[in-house]
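Please prepare a short briefing on the protein shown below.

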Amino acid sequence: MKIRKLYFYYICGASLILALIYFYLSFYNNSIPMYQYQIGQITQEAIKAPFSYTIFKPEPILNHEVNERLNILLPIFKISEDVKFNLQKKIDYLFLEFNNAFESSDTLNFKNRLSKNGFDLNQNTLNYLKNQKNRLFVYSLFTEQISLIMRYGIYDERLTYPEIRINDKNQIKVYKKTDLLSVDEAKRRILRSIDVSTLKNVADDLLNSILEANLELDQVSTEKEKNDIRKSIDPVLGKVEKNEYIVVKNHRITNTDIIKIESLVKAYKEKNLQRDYPTLILSSLGQFLFCLLLLSVFYTFSMIFFSKQFEALNYFLFSLSCFVFSVIISVVVFYSFDTKVISVIPFPLIILVVSLIYAGNYGLLFAVMDIFLVGQFLNWNMYYLINLFFASVFGILAIKRSNQVNYFIIFIYMLLGFTTSLIAMTLYRNEGLPLFSKNLFFGTVSIILSIIGSILFAPFIDRKLNFSSKQTLLELLDFNKPLLKQLAKEAPGTYYHSLVVGNLAEATAEAIGANPLIARVGSYYHDIGKLTEPSIFIENNVDSVNIHKNLAPTESSTRIRDHVLNGIQLAKQHKLPKVIQDIIIQHHGDSKIRFFLHKALEQGLIIDENSFMYTGPRPQTKEAVLVMIADIVESTAKSLKEYNSVTINKIVNDTILKLLEDHQLDDAPITMRDLNIVKSTMIPILESVYRKRIEYPEDKK
């Protein structure tokens with residue numbers, strides 16, 4: 001009863017969080033209605049203006065008008081100080097290279113370095129600058145002339161404008177090209193200041209690699225001018241009067257209708273229409289009750305169909321958290337993006353994560369509840385959610401049907417489900433191909449985002465919360481896993497025994513509706529504790545009998561019993577899922593270690609029977625029961641001298657009967673009908689494993 005109350009408190013907490021989200025959205029979004037109409041879509045209902053409002057030009061139209069006016073005007077340039085600074089850097093670099101090269105006589109590498117940096121100088125220039133005095137003079141000359149010429153506006157010859165606007169000390173002035181200098185004219189002006197022909201030729205060669213235009217576009221002034229133009233444009237398109245129809249029912253939406261609807265939303269915001277607090281609180285209370293009802297129904301169905309998972313409270317808490325996060329993600333996208341791309345909501349993300357961590361059937365129940373929870377926060381606009389819901393259902397189907405988690409297959413299934421639903425909805429709503437294509441694109445983006453998110457989050461959550469997702473269990477079946485490799489190498493008898501137990505447990509789990517994957521993985525790892533001391537177990541060492549002859553029965557019992565506790569330590573060390581740890585600790589229950597108990601009694605020792613019992617607990621799940629039965633049956637069958645249907649039948653029946661008499665199965669949700677199915681499933685497998693091989697003539701010889 002206390003546990004159920006705890007579940008109820010958590011449901012109330014989740015419902016309260018969702019109600020607070022609703023209150024926040026209602027308060028800060030001013031109860032503004034959200035319209036998700038798109039061009040070409042057929043309206044399902046008429047929209048009437050609740051008040052008079054102004055129709056404003058949308059941003060694309062305003063930007064188009066601004067750009068049209070800007071295109072008429074000449075661009076604004078400025079004289080760049082950066083160009084002057086860079087030119088001086090070029091000169092400094094060039095003459096530093098000259099000094100280093102001519103002092104070290106490394107002229108070959110020097111020319112290669114200059115060429116890589118854009119300096120293509122002829123041999124006469126290099127010969128002239130070998131002289132240090134010439135270099136000092138040319139460096140001084142260039143520094144002075146560049147500083148002087150950079151005071152003028154130098155334009156690139158590729159500019160085709162007859163006039164150029166220049167920002168001169170925050171004043172925009174118009175210059176004719178004849179008032180400015182081209183790069184060639186600037187070079188000629190510098191060369192006219194040089195009288196010596198040899199020096200003039202050197203300067204000409206150097207200027208070809210150094211000089212460049214110093215006029216560049218003035219982005220700041222251009223943006224300011226753009227803003228001034230925008231302010232001068234009338235943003236109003238028209239007006240809608242109160243009670244005037246914005247759109248009528250069964251009308252195909254046009255671009256003009258979209259502009260009117262967007263202006264209505266803007267008018268709502270400007271009017272700041274807020275609900276009064278009492279109404280808002282009552283509405284939030286209704287939201288709380290609806291979420292409480294929905295989550296209570298979810299809990300009820302979960303306990304009926306998935307009670308095994310929900311025996312652990314952290315599983316249910318995780319599910320409630322997933323509902324809350326699903327709402328938050330959907331709300332953030334819904335209220336942050338344009339309504340035209342609202343179908344990009346990654347609604348399937350949380351559903352995929354839940355389906356990967358739990359079973360696929362549980363994911364379907366979660367998806368059904370999630371669409372109702374999320375839908376109310378999106379103004380019950382179910383068009384996009386329905387399509388994404390079917391994508392989620394098909395994704396769950398892919399996870400359920402595949403033995404391996406293949407995300408590409410999941411994507412194909414989800415895309416198929418989404419496309420099929422979208423085609424049906426498009427035909428029903430009489431929407432055109434352009435709108436279908438747009439929705440298909442955004443839906444595909446949503447599916448891709450959801451799959452990427454599940455790839456990132458599902459394994460992380462699985463590890464952190466120690467869940468047992470299908471992917472994690474499949475990875476544990478890999479024989480290259482450290483524990484299984486160590487078991488095969490150091491305890492080969494136990495390793496082979498575990499494989500046979502796995503075959504038996506998996507087959508019987510399928511037969512009675514338990515989880516075959518958990519049964520097989522639990523079987524593979526149930527005896528890993530024997531790695532601590534493999535030689536004392538007879539399947540690994542035929543001389544183990546001699547070891548136990550020299551030990552007191554209580555010591556032998558303790559060392560045998562410890563393989564369960566050692567197994568748990570190894571499982572925790574290697575971070576095995578809790579469901580596998582449970583099988584390890586439960587696979588012997590609290591049964592007696594009869595061989596050494598009888599040995600102690602035969603020796604007349606005074607004993608405490610508890611020292612000859614496993615610590616338990618008894619099996620709590622069907623999978624743990626199946627591993628226990630398979631473990632005993634396989635170990636007993638190996639000791640038979642003669643294998644036939646009678647002897648194998650007797651082993652299985654006696655094993656189950658003995659476990660029932662010892663009350664080892666009392667705590668597990670398994671029925672007599674299940675046990676009868678286990679018998680009928682296990683016996684043929686044992687017969688095939690231990691069937692006597694035909695004796696060929698060579699064998700007789």
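Of the protein's 701 residues, 46% count as buried, where buried means under 20% relative accessible area, exposed means over 50%, and partly exposed is in between, using a 1.4 Å probe and protein chains only. This is a predicted model, in which local features need pLDDT of at least 70, side-chain atom pairs count only at pLDDT 80 or more, and totals for chains, interfaces and linings use all residues. Residues are numbered from 1 along each chain as its sequence is written, and side-chain values use heavy atoms, with hydrogens and water left out.

**Overall form**

- The radius of gyration of the protein is 41 Å, whereas a compact globule of 701 residues would have one near 27 Å; the radius is taken over C-alpha atoms, and the globule rule is 2.2 Å times the number of residues to the power 0.38.
- The C-alpha trace spans about 125 × 90 × 55 Å along its principal axes.
- There are 30 helices and ten strands in the protein; helices (H or I, at least four residues) and strands (E, at least two) are DSSP runs, numbered from the N terminus.
- Among contacts with a separation of 6 or more, 77% join residues 24 or more positions apart, and contact means heavy atoms within 4.5 Å.

**Surface and charge**

- The accessible surface is about 36,800 Å², and 57% of this belongs to carbon and sulfur atoms; the areas come from the Shrake-Rupley method with a 1.4 Å probe, and for residues only the protein chains shown count as cover.
- The protein carries 77 positive and 70 negative side chains, and the centres of the two sets are 2 Å apart.
- Lys and Arg count as positive and Asp and Glu as negative, while His and the chain ends are not counted; each charge is placed at NZ of Lys, CZ of Arg, CG of Asp or CD of Glu.

**A buried serine**

- Ser557 is part of helix α24, which covers residues 553-573.
- Ser557 counts as buried because its relative accessibility is 0%.
- Apart from neighbours within four places in sequence, Ser557 contacts Ile593, Phe596, Ser611 and Phe612.

**Backbone details in loops**

- Gly616 and Pro617 are joined by a cis peptide bond, with omega near 5°, and Pro617 sits in the loop between α26 (594-602) and α27 (622-637).
- Asn243 is not a glycine, yet it has a positive phi of about 70°; Asn243 lies in the loop between β9 (236-240) and β10 (245-247).
- His663, also a residue other than glycine, has a positive phi near 65°, and its place is the loop between α28 (645-661) and α29 (672-690).
- His663 counts as partly exposed because its relative accessibility is 41%.
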